[in-house]
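This briefing covers the overall build of one protein and then its charged side chains. Look at the sequence and the structure first, then read the points below.

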Amino acid sequence: MCQLLGMNCNTPTDVRFSFSGFAQRGGHTGDHTDGWGIAFFEDKGLRHFVDHERAVDSPVAELIRQYPIHSRNVIAHIRKATQGVVSLENCHPFVRELWGRYWVFAHNGDLKTFRPRLHSHFHPVGGTDSEHIFCWLMQELAKSHAGVPSVEELSLTLKELVTRVSPQGTFNFLLSNGQALWAHATSHLCYLERRHPFGQAKLADEDVQMDFSTCTTPSDRVAVVATAPLTNNESWTAIQQGELCVFVDGERKHF
C-alpha cells in the first residue's frame, strides 16, 4: 500500500520537517518505491511536483527537502503500485479544476475493479483506480452543487459519496481545494494537531528532531495527517474506519 501525508495550517507553514521523514519511506524505511509527489497550495495557486523515481533518492525530492515552500494546505504521496504501471502519469497527487479552484487528491488503497461511470469532462490520464475515482468524485461534486459551496456543505456531500466507494475496497485518501483538508480512512490513517505551547518533535524514520517553539507564534495551529505516525514522541490520533475528517485553519472541524 501507499503512504499519505497531509498538512493543514492557519498560516503558511514549512513542511520540510515532516516531508524529510516521510520521504524515507520511499525506499529506506519502507518499500514504497514506485514514485511520489507533493502539492502545495498558495492562495489559489498550486505548486505540484511528481517523480516516478524513489522518494528517498529523487533529485526532485531533495529539492523539496531543501526549499522552504510555505503553504496552508499540502498533500504528499509515496506510491507502491497496485494498479497501473510505474510512470509519471500514475504518480499521485492528482490535480483537477472545479469552480475555478484547483483540487488535489491522493489515495492509499486498492479499489479492485470498481470503475463508476464517467460522463462529464473529468477523465483520467493514467491507468490507476485512484485517478479514476478522483475524477468520479469531482464529477459528483459538480452535479451536487450549482456553485461554490461552503466547506460544511462540501463535507456533507463527500460523506455521502465515500459511503458508495468504501465497500469496494481500501479507500484511504486526502483531498484539498486550498480551503480545507479532507481525510478519509478505511484502514490506516492518523493525525495530530500542534498548537501553543509548541515543543520538540522527533522523526520516527530518521534521527532528526525539531523544536517548534523556536519557529512559531502562540497563534499558530498545524494539523498533520499521515498513514503512520511521523514522530515517535507526540500523540497521534487514529482516524476510525469509515470516518471522514475535515481540517480547517490547523484544527479538526465537526460538521
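A salt bridge is a side-chain nitrogen of Lys or Arg within 4 Å of a carboxyl oxygen of Asp or Glu. R221 and E251 meet that definition, because their closest N and O atoms are 3.9 Å apart. The pair links distant parts of the chain, with R221 in strand β12 and E251 in strand β15, 30 residues apart. The model is a predicted one.

**Overall build**
- The protein contains four helices and 15 strands.
- Its radius of gyration is 17 Å, close to the 18 Å that the globule rule gives for 255 residues, so the protein is as compact as a globular protein of that length.
- Along the principal axes, the C-alpha atoms fill a box of roughly 50 × 35 × 30 Å.
- Of the 255 residues, 54% are buried.
- Among contacts between residues at least 6 apart in sequence, 71% join residues at least 24 apart.

**Surface and charge**

**Salt bridges**
- The whole structure has 15 salt bridges.
- R221 is partly exposed, at 22% relative accessibility.
- Salt bridges with shared partners join E193, R195, R221, E251 and K253 into one network.
- R16 and D14 form a salt bridge with an N to O distance of 2.8 Å; R16 is partly exposed at 28%, and D14 is partly exposed at 25%.
- D110 and K112 form a salt bridge at 3.7 Å; D110 is buried at 14%, whereas K112 is exposed at 51%.

Terms used:
Residues are numbered from 1 along each chain as its sequence is written. This is a predicted model: local features need pLDDT of at least 70, side-chain atom pairs count only at pLDDT 80 or more; totals for chains, interfaces and linings use all residues. Side-chain values use heavy atoms; hydrogens and water are left out. Helices (H or I, at least four residues) and strands (E, at least two) are DSSP runs, numbered from the N terminus. The radius of gyration is taken over C-alpha atoms; the globule rule is 2.2 Å times the number of residues to the power 0.38. Buried means under 20% relative accessible area, exposed over 50%, partly exposed in between (1.4 Å probe, protein chains only). Contact means heavy atoms within 4.5 Å.
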